[in-house]
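Work through the exercises below with the model open. Try each task before reading its solution.

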Amino acid sequence: GEACYKLYTKTDTTSLPSLSDVLQLLASFPSVYKEWWWNLVMKDPLHVAVETTLIISIIYIILSRSTEGYKDNTKERLTKQEEEELLWEWKVKLRDPLAPPATTANSNADSSAGGFGN
């Protein structure tokens, strides 16, 4: 704690801390962190519980991601005939126009009624 306090309250900002100060700070870090964490638990236990739950959940999700089938080329693939059939259906059936084509009778009716055909 004392090395941390010395580095934190150092008024001379033009020089870097000495190596012994940095090593002392690193050596005291676990106890300083532990003290800070327990103080936070005492002040706001719900905050600590929520953050701890989130951190554990993230670690669990990262470590337990299933790689089963991730790079597995033995999955069931479509045959060439099935591919061709799907492509044919897409080209023939799904490319129908969404709206009927405009006819001259419809566009004349729109323009005479003051529609958007002008």
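**Exercise 1.** Describe how helix 2 and helix 3 cross, and list the residues in contact.

*Solution.* Two packed helices are described by the angle between their axes and the distance between the axes. Take helix 2 (residues 19-43) and helix 3 (residues 45-63) of this predicted model. Their axes come within 5 Å and cross at roughly 115°. Axes are lines fitted to C-alpha atoms over the stretch in contact, with angles from 0 to 180 degrees between N-to-C directions. Next, the contact (heavy atoms within 4.5 Å). Helix 2 supplies Trp 37, Leu 40, Val 41, Met 42 and Lys 43; helix 3 supplies Pro 45, His 47 and Val 48. Sorted by class, six of these residues are nonpolar, one is polar and one is charged.

Residue numbers start from 1 along each chain as its sequence is written. Local features need pLDDT of at least 70, side-chain atom pairs pLDDT 80 or more, while totals for chains, interfaces and linings use all residues; side-chain values use heavy atoms, without hydrogens and water.

**Exercise 2.** Is Ile 62 buried or exposed?

*Solution.* Start with its place: Ile 62 lies in helix 3. Ile 62 counts as exposed because its relative accessibility is 57%. The cut-offs are under 20% relative accessible area for buried, over 50% for exposed, and partly exposed in between (1.4 Å probe, protein chains only).

Definitions and conventions
Helices (H or I, at least four residues) and strands (E, at least two) are DSSP runs, numbered from the N terminus. Ala, Val, Leu, Ile, Met, Phe, Trp, Tyr, Cys and Pro count as nonpolar, Asp, Glu, Lys and Arg as charged, and the others, Gly among them, as polar.
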